[in-house]
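Hi there,

Here is the structure I promised to send over. Have a look at it first, and then read on for what turned up.

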Amino acid sequence: MKKILIINGPNLNLLGVREKEIYGSLTLNDINKILIKKFKNVSLYFYQGNIEGEIVSKIGESIGKYDGIVINPGAYSHYSIAILDAIRSIDIPVIEIHLSNIYNREEYRRKSVTAQGCKGIISGFGYYGYIMAINALINKCFGGER
Ligand code: DQA
């Protein structure tokens, strides 16, 4: 069975409490439970971290362990060259996801540095974005489609 690591960055542990009008009312645990229920044909692993260096380490340690990564780097998306470098250092497909549509928000959110190392980016579909990203890994990346 293919193994997928889902990484959530800073403040995503506060989902369900934080700015619900933007991020919805589901907690991160609620979202993870939905994903586990939905995907029986892949093994899902979850990591949430608020510290940039720890996320960098987690990405580097993924070599040989996972077949794909879904990442929501939170605010680090907009400026973390360290996370971008980590994503570029591994030969594992990475898909970036944002709950909100970062392109219709504040100017400083409209650029993702980290997405520049990713296969693709999904933004604006709330928790459903995680489902879309996992499906993209399964159907496109693992299928060897170009
Ligand atoms: C976010 C968007 C980021 O700009 C923000 O800093 C977050 C959440 C999203 O999922 O929409 O923490 O990544």
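To start with the cysteines: does C118 count as buried or exposed? C118 counts as buried, because its relative accessibility is 13% and the cut-off for buried is under 20%. Please keep in mind that this is a predicted model, so every value here is computed from it.

What about disulfides? A search of the whole structure finds zero of them. C118 is in no disulfide, and the cysteine sulfur nearest to that of C118 belongs to C141, 10 Å away. C141 itself is partly exposed, with a relative accessible area of 21%.

Now to the ligand, which sits in the largest pocket. The residues around the ligand are R18, Y23, N72, G74, A75, H78, H98, L99, S100, I102 and R109. Sorted by class, this shell has five polar, four nonpolar and two charged residues.

- The side chain of N72 has an N or O atom 2.9 Å from an oxygen atom of the ligand.
- For the side chain of H98, the distance from an N or O atom to a ligand oxygen is 2.8 Å.
- L99 takes part through its backbone, with a polar atom 2.8 Å from an oxygen of the ligand.

As for cover, the ligand taken alone exposes 320 Å², and the protein buries 98% of that.

Best wishes

Terms used
Residues are numbered from 1 along each chain as its sequence is written. This is a predicted model: local features need pLDDT of at least 70, side-chain atom pairs count only at pLDDT 80 or more; totals for chains, interfaces and linings use all residues. Side-chain values use heavy atoms; hydrogens and water are left out. A residue is near a molecule or strand if one of its heavy atoms lies within 4 Å of it. A polar contact is a pair of N or O atoms within 3.5 Å; within protein, one must be able to donate a hydrogen and the other to accept it, and residues adjacent in sequence count only if both atoms are side-chain atoms. Accessible areas come from the Shrake-Rupley method with a 1.4 Å probe; for residues, only the protein chains shown count as cover. On a 1 Å grid over the protein atoms alone, a cavity is a set of points where a 1.4 Å probe fits but cannot get out, and a pocket is an open set with protein on both sides within 12 Å along at least five of seven lines; lining residues have an atom within 4 Å of a point. A molecule sits in a cavity or pocket if more than half of its atoms lie within 2 Å of its grid points. Ala, Val, Leu, Ile, Met, Phe, Trp, Tyr, Cys and Pro count as nonpolar, Asp, Glu, Lys and Arg as charged, and the others, Gly among them, as polar. A disulfide is a pair of cysteine sulfur atoms within 2.5 Å. Buried means under 20% relative accessible area, exposed over 50%, partly exposed in between (1.4 Å probe, protein chains only).
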